[in-house]
Amino acid sequence: MSEMIPADATAADRARTVNDFARSELFDRTFREGMELVEETAAYLDGEGRRDSKLLSRAAALAYAAESMKLTTRLMQIASWLLVQRAVREGDMTAATACEPRYRLNERKIEGEPSHAELPIALIEYLIRSEKLFDRALYLDRRMYLDAPDEVPVNPVLNQLGLLEAAFRN
């Protein structure tokens, strides 16, 4: 992927960065990893996870249901974001359209410990993997799509140097 978009980036610069990412090996790896995680998680929740949840206490089963909903929601957000990038790659969507807020990832709430001590370790591992993948996708999203600030921040050192130069010129 090309370097981070500077504050004075034009729409053409942003589109180029988005297109470069969509055609990159990094995108290929991230896409594969994301879709594999979606498939693995679905298989777990429909199979072994369903059996595991039936062995839990009532409180743990409720926590399992809540955590599995968070997990599937997070994975669908990741998959949707990855599919938008693939649409850009395949020419089904322009980079400018992909920049629209509705296609961007929202910050995720940082979770603490699992909501119940009895949760199956496999579920916890899927939660951790999905959080790491989401954080990586969010990082990429912010690097590619971050809107330029209204003003370029003033460098205080250069500002002071300019004041000194002006003072000694007079």
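Looked up Arg74 first: at 7% relative accessibility it counts as buried (under 20% relative accessible area; exposed is over 50%, partly exposed in between, with a 1.4 Å probe and protein chains only). I'm working on a predicted model, where local features need pLDDT of at least 70, side-chain atom pairs count only at pLDDT 80 or more, and totals for chains, interfaces and linings use all residues. Residues are numbered from 1 along each chain as its sequence is written, and side-chain values use heavy atoms, with hydrogens and water left out.

Next I checked the partner of Arg74. I find a salt bridge to Glu131, with the closest N and O atoms 4.0 Å apart (the term needs a side-chain nitrogen of Lys or Arg within 4 Å of a carboxyl oxygen of Asp or Glu). Arg74 sits in helix α4 (residues 58-89) and Glu131 in helix α6 (residues 121-145), so this pair ties together parts 57 residues apart in sequence. Helices here are DSSP runs (H or I, at least four residues), numbered from the N terminus. Glu131 is buried too, at 17%.

I then noted a network: Arg104, Glu107, Asp141 and Arg142 are joined by salt bridges that share partners.

Two further pairs went into the notebook. Arg32 bridges to Glu25 at 3.7 Å between the closest N and O atoms; I have Arg32 as partly exposed at 43% and Glu25 as partly exposed at 44%. Arg50 meets Asp46 at 3.4 Å, N to O; Arg50 is partly exposed at 44%, while Asp46 is exposed at 55%.

My tally for the model by this rule: 13 salt bridges.

How values were computed
Helix = DSSP H or I, 4+ residues; strand = E, 2+ residues; numbered from the N terminus.
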